[in-house]
Amino acid sequence: MLMAHPVVLRNLIEQYETLQALQAENGGPEVRRRMDDLAYTLCVSTGTRDVDAALIAARHRLPGARPEDDSVLSA
């Protein structure tokens, strides 16, 4: 499986989290559509099937993550 560069993953996470905040405040269809696109990209980039797992996996691959601690990832 191809692995996304940590900088790309951090960027995707930041964009998704920013849009989550916008969605909570006054999200419209454009925000929802962009969130869906980012969720898909995160899933493809991490080899997962849902955005929550993708966010966990992406954070796990960032510099400073403890690679020995995979307790939040399912087998």
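Colleague: Arg59 in this model: buried, exposed or partly exposed?
Modeller: This is a predicted model. Arg59 has 36% relative accessibility, so it counts as partly exposed.

Colleague: Which side chain does Arg59 meet in a salt bridge?
Modeller: Glu17, at 2.4 Å from N to O. That pair links distant parts of the chain. Arg59 sits in helix H3 (residues 51-60) and Glu17 in helix H1 (residues 6-26), 42 residues apart.

Colleague: And how accessible is Glu17?
Modeller: Glu17 has 34% relative accessibility and counts as partly exposed.

Colleague: Why would such side chains pair up?
Modeller: Opposite charges can pair when the charged atoms come close.

Colleague: How many salt bridges does the structure hold?
Modeller: Two. Arg32 and Asp36 also meet in one, at 2.9 Å from N to O.

Colleague: How far apart are Arg32 and Asp36 along the helix?
Modeller: About one helical turn, because they are four residues apart in helix H2. Arg32 is partly exposed at 35% relative accessibility. Asp36 is partly exposed at 40%.

Colleague: Switching to Ser45. Where is it found?
Modeller: Ser45 is in helix H2, which covers residues 29-46.

Colleague: Buried or exposed?
Modeller: Ser45 counts as buried, because its relative accessibility is 14% and the cut-off for buried is under 20%.

Colleague: What does the Ser45 side chain reach?
Modeller: The backbone oxygen of Thr41, at 2.7 Å.

Colleague: Leaving out residues up to four places away in sequence, what does Ser45 touch?
Modeller: Leu2, Ala4, Leu9, Leu12 and Arg61.

Note on methods: Residues are numbered from 1 along each chain as its sequence is written. This is a predicted model: local features need pLDDT of at least 70, side-chain atom pairs count only at pLDDT 80 or more; totals for chains, interfaces and linings use all residues. Side-chain values use heavy atoms; hydrogens and water are left out. Helices (H or I, at least four residues) and strands (E, at least two) are DSSP runs, numbered from the N terminus. Buried means under 20% relative accessible area, exposed over 50%, partly exposed in between (1.4 Å probe, protein chains only). A polar contact is a pair of N or O atoms within 3.5 Å; within protein, one must be able to donate a hydrogen and the other to accept it, and residues adjacent in sequence count only if both atoms are side-chain atoms. Contact means heavy atoms within 4.5 Å. A salt bridge is a side-chain nitrogen of Lys or Arg within 4 Å of a carboxyl oxygen of Asp or Glu.
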